[in-house]
Amino acid sequence: MKQGIHPKYYDDAKVICGCGNTFTTGSTQPEIHVDVCSKCHPFFTGRQRDVQAGGRIEKFNKRYGKH
């Protein structure tokens, strides 16, 4: 490998989520700030189905339900 062209690699880079969750990973940056992680993402928490179903229920009630 050529010397001086590769960035420094951090084995213990700290990842900080907007929800407050933190974990470590490997990266070329010592600290990474993210908006969504696996603890708060709707796909991984199971809330995604509720949101989709809620929209469909509202749409059905709007179309066929009592106003």
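Tutor: Let us begin with a term: a disulfide is a pair of cysteine sulfur atoms within 2.5 Å. Keep in mind that this is a predicted model, in which local features need pLDDT of at least 70 and side-chain atom pairs count only at pLDDT 80 or more, while totals for chains, interfaces and linings use all residues. Residues are numbered from 1 along each chain as its sequence is written, and side-chain values use heavy atoms, with hydrogens and water left out.

Student: How many disulfides does the structure hold?

Tutor: The closest cysteine sulfur to that of cysteine 17 belongs to cysteine 37 and lies 3.5 Å away, which is too far for a bond. Cysteine 40 is in no disulfide either, with the sulfur of cysteine 17 as its nearest, at 3.7 Å. The number of disulfides in the structure is therefore zero.

Student: Is cysteine 17 buried or exposed?

Tutor: Buried means under 20% relative accessible area and exposed over 50%, with partly exposed in between, using a 1.4 Å probe and protein chains only. Because its relative accessibility is 5%, cysteine 17 counts as buried.

Student: What pattern does the protein follow along the sequence?

Tutor: Helices (H or I, at least four residues) and strands (E, at least two) are DSSP runs, numbered from the N terminus. The protein has two helices and three strands. Read along the sequence, their pattern is β-β-β-α-α.

Student: In which sense do β1 and β2 pair?

Tutor: Two strands pair if DSSP finds at least two bridges between them. Five bridges link β1, residues 10-17, with β2, residues 22-27, and in one of these strands, β2, threonine 25 is the bridge partner of alanine 13. The hairpin has four residues between the strands, and there glycine 20 takes a positive phi near 105°. The sense in which β1 and β2 pair is antiparallel.

Student: Which residue in β3 is the bridge partner of isoleucine 16?

Tutor: Strand β3 covers residues 31-34, and it runs parallel to β1, to which four bridges join it. Within β3, the bridge partner of isoleucine 16 is histidine 33.
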